[in-house]
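This report describes a protein model for a reader who has not seen it before. Please look at the sequence and structure first.

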Amino acid sequence: MSTDSSSASGKFDLRTALSALGRLAKEEARTPEDLAAIKSAAAGLQFIQLNGRLDDFLDYLQDVEKAAERATSVEASFADMSEAMKWLCAQAEPRFGARVEVAGKLHLVVRQRKEMWFLIPAPPLPSFEELTGE
C-alpha cells in the first residue's frame, strides 16, 4: 500500500504525519510532556506500519466514532467460559481488546505471548464523549 496520498484529499499520509510530528517536536514552547507525547505518537505510527496494520489504521480513520463504537460494543455473548474459549480458539486472528460477554459479565480478548490468547474481566470504559471532551 502506498503511504504517499495527498493531504489535500483528506487521506492519511504517513510520511506527512511523521514530518508534521517532527516539526511540532522542534517548536520552542514544548514541555517535556509534549515532546514525550509527540515521540510516542510517531513511534506508534511507525509500529502500526511495521506490523502491517496501516490499512486497519486507515479504516479506523475513515470513521473514528464508528471505530470507537466497535471498540466498546460486545462482539459475542456466551453462556459460559468454556463456550467463549472455544470461540476464541476458533478465531484466526482475534481482535485485541474485543469485548465479549461471558455469563453476563464483560471480558476483553488479550494476548500474553504471540500465540497465547485469553479472556480477562473488562474494566468499565469511559464514553467517547468523555475521552474527547465533547
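The sections below go from the overall make-up to single contacts.

## Overall make-up

The model is predicted. Its secondary structure consists of six helices and four strands. Read from the N terminus, the order of the elements is α-α-α-α-β-α-β-β-β-α. The protein has 134 residues, and 22% of them are buried.

## Strands S1 and S2

Strand S1 covers residues 74-78 and strand S2 covers residues 99-102; the two run parallel and are joined by four bridges.

## Helix H5

At the start of H5 there is a contact between a side chain and the backbone: a side-chain oxygen of Asp-80 comes to within 3.2 Å of the backbone nitrogen of Ser-82.

Which residues of H5 are buried? They include Ala-84, Trp-87 and Leu-88. These three lie on the same side of H5, because the arc they cover around the axis is only 100°. On the face of H5 turned away from the buried side are the exposed residues Lys-86, Cys-89 and Ala-90.

## The aromatic pair

How many aromatic pairs does the structure hold? There is one. Its members are Phe-78 and Trp-87, with ring centres 5.4 Å apart and an angle of 45° between the planes, which makes the pair tilted. Phe-78 and Trp-87 are both buried.

## The salt bridge

The structure also has one salt bridge. Its partners are Asp-56 and Arg-53, and their closest N and O atoms are 2.8 Å apart.

Are these two residues buried or partly exposed? Asp-56 has a relative accessible area of 39%, so this residue counts as partly exposed. Arg-53, at 42%, is partly exposed as well.

Definitions and conventions
Residues numbered from 1 in each chain as written. Predicted model: local features only at pLDDT ≥ 70, side-chain atom pairs only at ≥ 80, totals over all residues. Heavy atoms only, no water. Salt bridge = Lys/Arg side-chain N within 4 Å of Asp/Glu carboxyl O. Buried < 20%, exposed > 50% of the residue type's maximum accessible area, 1.4 Å probe, protein only. Pairing = 2+ DSSP bridges. Phe/Tyr/Trp six-rings, centres within 6.5 Å; stacked < 30°, edge-to-face > 60°. Arc of directions from axis to C-beta. Polar contact = N/O pair within 3.5 Å; in protein donor to acceptor, adjacent residues only side chain to side chain.
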